[in-house]
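Hi there,

Here is the structure I promised to pass on. Please have a look at it first, and then read my notes below.

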Amino acid sequence: MPKFTCSPGPFRAGAHRSCEVEILDANGCEVARVVYPMVNRELSGCDVQEANAALLASAPGLLMALQDVEWGGSYRDEGGVEVHTCPWCGREKDMGHDWSCGLAMVIARATGGVA
Ligand SMILES: [Zn+2]
(Lines give C-alpha, C1' and ligand atoms only; values in the text may rest on other atoms or scores of the structure.)
Protein backbone atom coordinates (compact mmCIF):
# COMPACT_ATOMS: atom_id res chain seq x y z
CA MET A 1 0.00 0.00 0.00
CA PRO A 2 1.36 3.46 -0.81
CA LYS A 3 2.38 5.69 2.06
CA PHE A 4 -0.55 7.68 3.38
CA THR A 5 -0.07 11.40 3.06
CA CYS A 6 -2.47 14.26 3.36
CA SER A 7 -2.20 18.00 3.85
CA PRO A 8 -0.79 18.93 7.24
CA GLY A 9 -3.30 19.26 10.06
CA PRO A 10 -4.91 20.57 12.02
CA PHE A 11 -7.57 21.62 9.56
CA ARG A 12 -9.95 24.47 10.29
CA ALA A 13 -12.96 26.12 8.77
CA GLY A 14 -11.95 29.25 6.90
CA ALA A 15 -13.90 31.97 5.20
CA HIS A 16 -17.52 31.73 4.17
CA ARG A 17 -17.77 32.58 0.50
CA SER A 18 -21.13 32.73 -1.18
CA CYS A 19 -22.75 29.42 -0.24
CA GLU A 20 -19.49 27.65 0.60
CA VAL A 21 -17.24 27.29 3.63
CA GLU A 22 -13.60 26.57 2.90
CA ILE A 23 -11.59 24.02 4.90
CA LEU A 24 -7.94 25.01 5.33
CA ASP A 25 -4.91 22.92 6.29
CA ALA A 26 -2.25 23.99 8.79
CA ASN A 27 -0.54 26.08 6.10
CA GLY A 28 -3.74 27.93 5.27
CA CYS A 29 -4.15 26.11 1.96
CA GLU A 30 -7.67 25.14 0.95
CA VAL A 31 -8.27 21.40 0.98
CA ALA A 32 -12.06 21.31 0.60
CA ARG A 33 -15.21 23.37 0.29
CA VAL A 34 -18.39 22.58 2.15
CA VAL A 35 -21.48 23.55 0.23
CA TYR A 36 -24.84 24.66 1.57
CA PRO A 37 -26.76 21.38 1.70
CA MET A 38 -30.24 20.59 0.51
CA VAL A 39 -32.07 19.78 3.74
CA ASN A 40 -35.61 19.19 4.85
CA ARG A 41 -37.67 21.92 6.52
CA GLU A 42 -36.92 20.68 10.02
CA LEU A 43 -33.21 21.47 9.70
CA SER A 44 -31.42 24.72 8.99
CA GLY A 45 -29.11 24.45 6.00
CA CYS A 46 -26.68 26.84 7.72
CA ASP A 47 -26.57 24.66 10.83
CA VAL A 48 -25.96 21.53 8.76
CA GLN A 49 -23.27 23.27 6.73
CA GLU A 50 -21.54 24.47 9.91
CA ALA A 51 -21.71 20.96 11.39
CA ASN A 52 -20.33 19.42 8.20
CA ALA A 53 -17.49 21.96 8.11
CA ALA A 54 -16.64 21.30 11.77
CA LEU A 55 -16.59 17.54 11.21
CA LEU A 56 -14.39 17.78 8.12
CA ALA A 57 -12.02 20.22 9.81
CA SER A 58 -11.58 17.80 12.70
CA ALA A 59 -10.78 14.81 10.45
CA PRO A 60 -6.96 14.84 10.85
CA GLY A 61 -7.26 15.02 14.63
CA LEU A 62 -9.88 12.29 14.70
CA LEU A 63 -7.68 10.02 12.60
CA MET A 64 -4.68 10.67 14.83
CA ALA A 65 -6.76 9.91 17.94
CA LEU A 66 -8.05 6.66 16.45
CA GLN A 67 -4.55 5.58 15.47
CA ASP A 68 -3.33 6.43 18.99
CA VAL A 69 -5.91 4.14 20.61
CA GLU A 70 -5.86 1.42 17.93
CA TRP A 71 -3.78 -0.95 20.06
CA GLY A 72 -4.39 0.78 23.38
CA GLY A 73 -5.99 -2.14 25.17
CA SER A 74 -3.77 -4.56 27.03
CA TYR A 75 -3.52 -7.41 29.47
CA ARG A 76 -0.68 -9.40 31.01
CA ASP A 77 -0.25 -12.99 29.92
CA GLU A 78 0.70 -15.84 32.27
CA GLY A 79 4.34 -14.77 32.05
CA GLY A 80 3.54 -11.18 32.99
CA VAL A 81 4.21 -9.89 29.51
CA GLU A 82 1.94 -7.03 28.43
CA VAL A 83 -0.08 -7.95 25.35
CA HIS A 84 -1.58 -5.05 23.38
CA THR A 85 -5.11 -5.39 22.07
CA CYS A 86 -7.62 -3.46 20.03
CA PRO A 87 -10.17 -1.79 22.33
CA TRP A 88 -12.90 -2.31 19.70
CA CYS A 89 -12.57 -5.95 18.66
CA GLY A 90 -10.36 -7.20 21.48
CA ARG A 91 -7.91 -8.98 19.20
CA GLU A 92 -4.22 -9.03 20.01
CA LYS A 93 -1.96 -6.78 17.93
CA ASP A 94 0.08 -9.74 16.65
CA MET A 95 -3.12 -11.32 15.30
CA GLY A 96 -4.49 -8.16 13.68
CA HIS A 97 -8.04 -6.91 13.83
CA ASP A 98 -11.15 -9.01 13.51
CA TRP A 99 -12.65 -8.71 10.01
CA SER A 100 -15.63 -6.85 11.48
CA CYS A 101 -13.64 -4.37 13.59
CA GLY A 102 -15.18 -0.91 13.25
CA LEU A 103 -12.02 0.83 14.41
CA ALA A 104 -9.89 -0.86 11.75
CA MET A 105 -12.58 -0.12 9.17
CA VAL A 106 -12.68 3.64 9.72
CA ILE A 107 -8.88 3.91 9.90
CA ALA A 108 -8.60 2.02 6.61
CA ARG A 109 -11.21 4.25 4.98
CA ALA A 110 -9.49 7.41 6.20
CA THR A 111 -6.07 6.30 5.00
CA GLY A 112 -7.15 4.95 1.63
CA GLY A 113 -6.94 1.30 2.61
CA VAL A 114 -9.53 -1.35 1.93
CA ALA A 115 -12.73 -1.24 3.99
ZN1 LIG B 1 -9.94 -4.10 16.14
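What covers the buried residues of α1? The cover includes three strands: β1 (12-17), β2 (20-24) and β3 (30-35). Please keep in mind as you read that this is a predicted model.

Helix α1 takes in residues 45-57, and at 1.5 Å a residue its 13 residues should span 18 Å; the C-alpha atoms at its ends are 18 Å apart, so the two values agree. Its buried residues include Gln 49, Ala 53 and Ala 57. These three sit on the same side of α1, because the arc they cover around the axis is only 65°. There is a simple rule behind such a pattern: an α-helix has 3.6 residues a turn, so residues three or four places apart point the same way. On the face turned away from the buried side of α1 you will find Asp 47 and Leu 55, which are exposed.

Now to the strands. They form an open sheet of three, in the order β1-β2-β3, with antiparallel pairing. β1 and β3 are at the edges and have a single partner strand each, so one side of each has no neighbour in the sheet. From one strand to the next, the twist averages 30°. In one of the pairs to look up, Ile 23 has Ala 32 in β3 as its bridge partner.

Most peptide bonds are trans. Pro 10 is located in the segment before β1.

The other spot is Gly 28, in the loop between β2 and β3. Is Gly 28 buried or exposed? It has 8 other C-beta atoms within 10 Å, and a residue with 12 or fewer counts as exposed, so Gly 28 is exposed. Gly 28 and Gly 61 are 33 residues apart along the chain, and 16 Å separate their C-alpha atoms.

Finally, the overall layout: the chain is divided into domain 1 (12-57) and domain 2 (66-110). Taken over C-alpha atoms, the centres of domain 1 and domain 2 are 34 Å apart.

Key:
Residues are numbered from 1 along each chain as its sequence is written. This is a predicted model: local features need pLDDT of at least 70, side-chain atom pairs count only at pLDDT 80 or more; totals for chains, interfaces and linings use all residues. Helices (H or I, at least four residues) and strands (E, at least two) are DSSP runs, numbered from the N terminus. The expected span of a helix is 1.5 Å times one less than its number of residues. A residue is buried if 20 or more other C-beta atoms lie within 10 Å of its own, exposed if 12 or fewer, and partly exposed in between; C-beta atoms are placed from the backbone. The arc is that of the directions from the helix axis to the C-beta atoms. Two residues are in contact if their C-beta atoms, placed from the backbone, lie within 7 Å. Domain bounds come from an automatic or database domain assignment. Two strands pair if DSSP finds at least two bridges between them. Axes are lines fitted to C-alpha atoms, for helices over the stretch in contact, and angles run from 0 to 180 degrees between N-to-C directions.
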